[in-house]
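I opened a new page for this chain and wrote down what I looked up, in order.

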Amino acid sequence: MFQSFFPKPKLFFLSFALWALICVIGWYAKVQDLGSILSLGSLFGVHFPAALAEGADAAAQAAFKSAQDTAFDIWLYQYMAVCYAIFIGSWVIYGGQKWAKWSVVGSGLIVFITWFQVQVSVMINEWYGSFYDLIQKALSAPNSITIDEYFAQLFTFAGIAFVFIAVAVLNSFFVSHYVFRWRTAMNNYYASKWQQVRHIEGASQRIQEDTMRFASIVETLGVRFLDSMMTLLAFLPVLWGLSSYVKELPFVGEVPQALVFIAILWSIVGTTLLAVAGIRLPGLEFKNQRVEAAYRKELVYGEDHADRAEPIKLAELFTNVRKNYFNLYANYLYFNIVRYGYLQAGVLVPLIALGPSIVAGALTLGIFQRISNAFNQVEGSFQFLVNSWTTIVELLSIYKRLKAFEAAIDNQPLPDEDQHFIETNN
């Protein structure tokens, strides 16, 4: 599943995790302070500004912060580009695998784009603050802002949104090709071993369909996981800073960094509930694919052999399909009760947490919007398992099916379900 596409997959993914950790630690420990010396922003006329004089007015402070943020962003992108170039270049040279250009370079590009999209989300969160503060100013004092100021904020958002949409569309196009190349690699590998796997139940479906579904789901889950981790790294400091506006929680009292505490606690509760409620689903999904394959296989045999696909046999096989589906529906019933109940209750959590601060008038509308958005981003990152559970269930069932292929190729004992199927149909 992985060896056909990635060079030395275990080492590849382990080295990626370690390199990412080294780069993140290096940035916060030392590298971010070297921008004024090493940044290439000066080539574009962007420099780290000198220290702001004491007593500067609000306009000067805003201009200073804008120039500082621009220089900082250029240095960050430069650092990220160097980190990616070192990792990708090393693996393209060292890996020497047929699909390395797609698996290594393509994976690196997807990760970089995911990180860029998270940075755009942070920019939108900052825009929320300034825009809704402007709205509050206009509503509290008529004609205190001009129409040009109002539309300037909308044009700022439109520019950010245009970049996000363009990147998202191009990324979706690239990912489609990436997934198909992964499917091609798996398809070529399994097809070359056809004589060793042809006796496995649903062998044709596993090569024709499961390879595509596996590549697509793994890529989707991988991007979601990376997006969750990067969002967490980007928004947790934001939420940490915004927690200074929330001095106490209802029913609890004063809690340091209350918003971060609530986000972590609520996410742990949700993940635990969903894991317990959905523990049986992977096995049922796998069994469902097996009984469907058995029914489909008998129908296929009936197309070429008059003594196969008899009504009694088909009725028996379809009864198995029906029983498994009804069992699956029953398990999804209580799983969805827990899932949707938890997600809807989560809408009220930040509003409850902010209750005392809202009543005390400690927040502006802009700060409220920034807190709400940052809280949702952090909470969503912690809830990766909650939001992806049904997809993970589907992936596990496909993984079990493809593992039977690899067991046959490596001359290892087949999983019990596949061995039972072969014995029953021979």
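Before the first entry I noted how axes are taken: they are lines fitted to C-alpha atoms, for helices over the stretch in contact, and angles between N-to-C directions run from 0 to 180 degrees. I also noted that the model is predicted.

**Entry: α4 and α12**

I looked up helix α4, residues 100–140, against helix α12, residues 365–382. Their axes come within 6 Å and cross at roughly 155 degrees. Angles over 145 degrees count as roughly antiparallel, so α4 is roughly antiparallel to α12. The crossing of α4 past α12 is right-handed.

Next I asked which residues of α4 and α12 meet. From α4 I listed S121, N125, E126, Y128, G129, Y132, D133, I135 and Q136. Their counterparts in α12 are L365, G366, I367, Q369, R370, N373, A374 and Q377. Sorted by class, this contact of α4 with α12 holds 6 nonpolar, 8 polar and 3 charged residues.

**Entry: α8 and α10**

I then turned to helix α8, residues 258–277, and helix α10, residues 311–353. The two pack at an angle of about 170 degrees, and their axes are 9 Å apart. The angle makes α8 roughly antiparallel to α10.

On the α8 side I found I262, W266, S267, G270, L273, L274 and A277. These meet Y334, F335, V338, R339, Y342, A345, G346 and V349 in α10. The residues of the contact of α8 with α10 divide into 11 nonpolar, 3 polar and 1 charged.

**Entry: the chain as a whole**

I checked the totals next. The secondary structure comes to 14 helices and 2 strands. The chain has 426 residues, and buried residues make up 40% of them. Its accessible surface is about 23500 Å², with 65% of that belonging to carbon and sulfur atoms.

I also looked at how contacts span the sequence. Of the contacts between residues at least 6 apart in sequence, 80% join residues at least 24 apart.

**Entry: E406**

Last, I picked out E406, which lies in helix α13, residues 384–409. Is E406 buried or exposed? Buried means under 20% relative accessible area. E406 has 17% relative accessibility, so E406 counts as buried.

Notes. Residues are numbered from 1 along each chain as its sequence is written. This is a predicted model: local features need pLDDT of at least 70, side-chain atom pairs count only at pLDDT 80 or more; totals for chains, interfaces and linings use all residues. Side-chain values use heavy atoms; hydrogens and water are left out. Helices (H or I, at least four residues) and strands (E, at least two) are DSSP runs, numbered from the N terminus. Angles under 35 degrees count as roughly parallel, over 145 as roughly antiparallel, 65 to 115 as roughly perpendicular and the rest as oblique. A crossing is left-handed if the near helix is turned anticlockwise from the far one by less than a right angle, and right-handed if clockwise. Contact means heavy atoms within 4.5 Å. Ala, Val, Leu, Ile, Met, Phe, Trp, Tyr, Cys and Pro count as nonpolar, Asp, Glu, Lys and Arg as charged, and the others, Gly among them, as polar. Buried means under 20% relative accessible area, exposed over 50%, partly exposed in between (1.4 Å probe, protein chains only). Accessible areas come from the Shrake-Rupley method with a 1.4 Å probe; for residues, only the protein chains shown count as cover.
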